[in-house]
Amino acid sequence: RPGGCSGMAGDSQRRLHDKHYAESKGILWEAYSSLCGPCPAPDNMELISGNLVVGIGQKHNKTGAQVALRWLVQQGIPVIPKSMNPAHLKS
C-alpha cells in the first residue's frame with residue numbers, strides 16, 4: 001500500500017510502540033529517552049519546559065521534567081532517565 005507500512009515489518013514496527021500489545025505478551029514496557037532527548041527541536045524541550053508540565057509543576061513546586069517523569073511512573077512505566085548533570089539526577 002502506498003505511503004504506509006505493509007506486511008510483517010509494518011506490523012512489528014507498530015507493535016514496538018503498542019504498550020498494551022507488549023504487556024499482553026509479558027513484555028515490560030519501558031520509557032526510552034523519557035524526556036525526548038533524540039527528538040528534533042523544538043519538541044525536544046516540551047517535556048522539560050513546555051507550558052503544560054511547567055504549569056503543573058508550579059502548582060506543586062516541581063520542575064517540568066519531574067512532572068513528566070512522575071506521569072510515566074503513575075502509568076506503571078519504569079523510567080531510567082539519563083543525565084550527566086548531578087543536580088538533575090538528584091532532583
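## Where two helices meet

Which residues in helix 4 meet Gly64, Val67 and Ala68 in helix 5? They are Val53, Val54, Ile56 and Gly57, with contact meaning heavy atoms within 4.5 Å. Helices here are DSSP runs (H or I, at least four residues; strands are E, at least two), numbered from the N terminus.

The axes of helix 4 (residues 51-60) and helix 5 (residues 64-74) come within 7 Å and cross at roughly 95°; each axis is a line fitted to C-alpha atoms over the stretch in contact, and angles run from 0 to 180 degrees between N-to-C directions. The two helices are therefore roughly perpendicular, a label for 65 to 115 degrees (under 35 is roughly parallel, over 145 roughly antiparallel, the rest oblique). By class, the contact of helix 4 with helix 5 has 5 nonpolar, 2 polar and no charged residues. Ala, Val, Leu, Ile, Met, Phe, Trp, Tyr, Cys and Pro count as nonpolar, Asp, Glu, Lys and Arg as charged, and the others, Gly among them, as polar.

## About the model

This is a predicted model, in which local features need pLDDT of at least 70 and side-chain atom pairs count only at pLDDT 80 or more, while totals for chains, interfaces and linings use all residues. Residues are numbered from 1 along each chain as its sequence is written, and side-chain values use heavy atoms, leaving out hydrogens and water.

The protein chain has 6 helices and 0 strands.

## The nonpolar core

The largest nonpolar core has 9 residues: Ala31, Leu35, Val53, Ala65, Val67, Ala68, Leu69, Leu72 and Ile77. Helix 5 gives the largest share of this core, 5 residues. Such a core is a set of buried Ala, Val, Leu, Ile, Met, Phe, Trp, Tyr and Cys residues joined through side-chain atoms within 4.5 Å.

Leaving aside neighbours within four places in sequence, isoleucine 77 touches Lys19, Trp29, Glu30, Ala31 and Leu72.

## Loops worth a look

Serine 34 sits in the loop between helix 2 (19-24) and helix 3 (46-49) and counts as buried at 12% relative accessibility. Not counting residues up to four places away in sequence, serine 34 touches Leu47, Leu69, Leu72, Val79 and Pro81. Proline 42 lies in the loop between helix 2 and helix 3 too, and the peptide bond from alanine 41 to proline 42 is cis, with omega near 0°.

Asparagine 61, in the loop between helix 4 and helix 5, has a positive phi near 60°. At 72% relative accessibility, asparagine 61 counts as exposed.

Note on methods:
Buried < 20%, exposed > 50% of the residue type's maximum accessible area, 1.4 Å probe, protein only.
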